Amino acid sequence: MLITAFRDLQWRLRRFIVAAVGTAMVFALTLVLAGLTHGFRVEAEHVVDSLNIDGYLIQTAAVGPFMGSSRFPQAEAGDVARIPGVEAALPVVYGNTILQDGKAPLNVNIYGVPKAAMPPLTAGRAPTEPNEIAMSTTLKRAVGDEIELGADKLRIVGLVEKSTTLAGQPNGFVTVAGAQRLMFSGQPVASAIGVRGTPEHVPKGYRVVDRAAAVDDMVRPLAGAQMALSYMSVLLWGVAGLIVGSLIYLSALERTRDFAVFKALGVTTWMV
């Protein structure tokens with residue numbers, strides 16, 4: 001039986017190789033889609049962890065501290081800092097703007113945070129002026145370059161290693177005042193207040209969300225894309241299964257006479 005099976009595979013080697021290559025390509029594409037889907041959350045977790053903030057104080061009606069934020073006066077941070085259990089209250093400003101560099105416009109995520117919440121830099125220093133920015137290395141710009149974001153020109157003073165949000169959009173980190181000027185025409189507002197420590201109570205009209213909720217808020221706009229990729233992965237798994245099944249089925253049909261001979265010789269059905 002084994003010798004016959006190997007000889008049959010030898011005569012059908014070309015068909016087997018074609019089916020194996022096709023199935024491998026489908027499996028590879030499926031794994032790539034799964035990696036992309038998982039990568040959406042990984043990049044969000046990387047950004048949230050790099051800020052080193054334990055929780056975020058947001059308005060009760062807001063969905064989260066970033067995409068679903070609701071702006072409120074930055075002065076609230078001073079009151080939060082006096083709550084027992086709070087080690088530091090850091091205003092956070094988030095927005096999305098357009099990079100104009102003579103090529104196709106590129107979306108850039110802007111995070112306005114104090115120096116204490118700046119992510120680790122691979123080169124340069126943290127911004128200290130409203131016209132300075134620490135930029136993601138994915139933008140492929142160097143320290144000292146000037147970029148035009150919206151209607152403002154900012155100078156890159158630091159680089160953050162591969163910091164992205166929303167499926168690869170580069171991140172820029174500026175001072176709180178810089179983000180307010182860039183996103184809200186200089187109004188003293190904040191998207192959230194980053195809290196270090198555990199507050200004993202929360203001001204009326206506000207609530208505290210943890211890092212996991214902040215990550216959920218970041219990936220929420222990509223829910224449609226994640227669902228589409230998941231459906232595509234399921235479809236590709238089905239295609240791979242059909243390729244393998246059709247190969248086995250056609251091979252079995254072509255060997256019907258062989259099976260009859262085996263049975264006549266007394267080979268059991270299980271062996272066949």
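Start with α2, which has 39 residues and spans 56 Å from its first C-alpha to its last, close to the 57 Å expected at 1.5 Å a residue. Keep in mind that this is a predicted model. α2 does bend, by about 30° at Gly 39. Just after α2 comes Asn 52, with a positive phi of about 55°.

Now the packing. Two packed helices are described by the angle between their axes and the distance between the axes. For α2, residues 13-51, and α5, residues 211-219, the axes come within 9 Å and cross at roughly 130°. The two helices are therefore oblique to each other. The crossing of α2 and α5 is right-handed.

Which residues make the contact? From α2 they are Phe 40, Arg 41, Ala 44, Glu 45, Val 47, Val 48 and Asp 49. α5 contributes Arg 211, Ala 212, Ala 214, Val 215, Asp 216, Met 218 and Val 219. By class, the contact of α2 with α5 has nine nonpolar and five charged residues, and no polar ones.

Key. Residues are numbered from 1 along each chain as its sequence is written. This is a predicted model: local features need pLDDT of at least 70, side-chain atom pairs count only at pLDDT 80 or more; totals for chains, interfaces and linings use all residues. Side-chain values use heavy atoms; hydrogens and water are left out. Axes are lines fitted to C-alpha atoms, for helices over the stretch in contact, and angles run from 0 to 180 degrees between N-to-C directions. Helices (H or I, at least four residues) and strands (E, at least two) are DSSP runs, numbered from the N terminus. Angles under 35 degrees count as roughly parallel, over 145 as roughly antiparallel, 65 to 115 as roughly perpendicular and the rest as oblique. A crossing is left-handed if the near helix is turned anticlockwise from the far one by less than a right angle, and right-handed if clockwise. Contact means heavy atoms within 4.5 Å. Ala, Val, Leu, Ile, Met, Phe, Trp, Tyr, Cys and Pro count as nonpolar, Asp, Glu, Lys and Arg as charged, and the others, Gly among them, as polar. The expected span of a helix is 1.5 Å times one less than its number of residues. The bend at a residue is the angle between axes fitted to the seven residues ending there and the seven starting there.
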